[in-house]
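Biologist: I have not looked at this one before. Can you put it up, and then I will ask as we go?
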Amino acid sequence: MEDRKIVLVTGGCRSGKSRFAEKLLKDKNDVLYIATAIVTDEEMENRIKKHIDSRNKNWTTYEGYKDLDMVIEKSSLDYILLDCVTIMITNLMFFKERDFDNMSEEEIDELLYEIKEEFRKLILKVKKLDKTMIMVTNEVGYGLVPEYKLGRIFRDIAGFINQFIAEYCDEVYLLACGLPLKLK
């Protein structure tokens, strides 16, 4: 991957998204790997460990999910792999205490705007600094309508953010059964 570009890799759970994204950068050592997950329980700790073990050991890892535009600005690395957009969305949703069961449509729209701004700032910074960024996300809209309001809010925000990001991307891939389908 020589040309500077922004790439989105999406798909369902365990579809091979992260492995595919990592393969796109397999020959690169100057990679900033942005890990957005935080340990919330033993299961998440194990998932994070598996991701760490599979990752290129020469890559630099940054763990965080907020103000990533500033992280990019301070980094001298040319390639960025952000894994994962949907976990970042979750963390941003819970960054402030909110009563999701009683949120109005206006409050949901405001939350969506705040999250969009995080991604907009990040993408614009990557473009300004002429770097390559690959983002991994989950396609969450294929299932049933979530029973609880929080689940519906998350599903809708994730869907809107994926669309928002895809507009900025040079390439978008959908993974199914470990196989990529180039959408854009």
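Biologist: How many disulfides are there?
Modeller: Zero disulfides by the rule used here. Keep in mind that this is a predicted model.

Biologist: What is the nearest cysteine sulfur to that of Cys13?
Modeller: The one in Cys84, which is 8.9 Å away. A disulfide would need the two sulfur atoms within 2.5 Å, and Cys13 is in no disulfide.

Biologist: And Cys177, how far is its sulfur from the closest cysteine sulfur?
Modeller: The sulfur of Cys177 is 13 Å from the closest one, in Cys13, which is too far for a bond.

Biologist: Is Cys13 buried or exposed?
Modeller: Cys13 counts as exposed, at 71% relative accessibility. Cys177 counts as exposed too, at 78%.

Biologist: Where does Cys177 sit?
Modeller: In the turn of a hairpin formed by strand 6 and strand 7, with two residues between the strands. Cys177 has a positive phi there, about 55°.

Biologist: In what sense do strand 6 and strand 7 pair?
Modeller: Antiparallel, over four bridges; strand 6 covers residues 171–176. Within that pairing, Tyr173 stands opposite Lys182 in strand 7, and Leu174 has Leu181 as its bridge partner.

Biologist: What stands opposite Leu174 in the other direction, towards strand 1?
Modeller: Thr10 stands opposite Leu174. Strand 1 and strand 6 pair in the parallel sense, over five bridges.

Biologist: How many residues of strand 6 are buried?
Modeller: Five of its six, so strand 6 is mostly covered.

Biologist: Change of topic. How many aromatic pairs does the structure hold?
Modeller: Five. One of them is Tyr65 with Phe95, an edge-to-face pair at 6.5 Å centre to centre, with 75° between the planes.

Biologist: Where do Tyr65 and Phe95 lie?
Modeller: Both are in loops: Tyr65 between strand 3 (60–63) and helix 3 (68–74), Phe95 between helix 4 (85–93) and helix 5 (105–128). The pair therefore ties together parts that are 30 residues apart in sequence.

Biologist: Is Tyr65 buried or exposed?
Modeller: Tyr65 is buried, with a relative accessible area of 18%. Phe95 counts as partly exposed, at 45%.

Biologist: Last one. Which ring does the charged end of Arg55 sit over?
Modeller: The ring of Tyr33, at 3.6 Å from its centre. In another such case, the charged end of Arg4 sits over the ring of Tyr79, 5.1 Å from its centre.

Notes:
Residues numbered from 1 in each chain as written. Predicted model: local features only at pLDDT ≥ 70, side-chain atom pairs only at ≥ 80, totals over all residues. Heavy atoms only, no water. Phe/Tyr/Trp six-rings, centres within 6.5 Å; stacked < 30°, edge-to-face > 60°. Buried < 20%, exposed > 50% of the residue type's maximum accessible area, 1.4 Å probe, protein only. Lys NZ or Arg CZ within 6 Å of the ring centre and 35° of its normal. Pairing = 2+ DSSP bridges.
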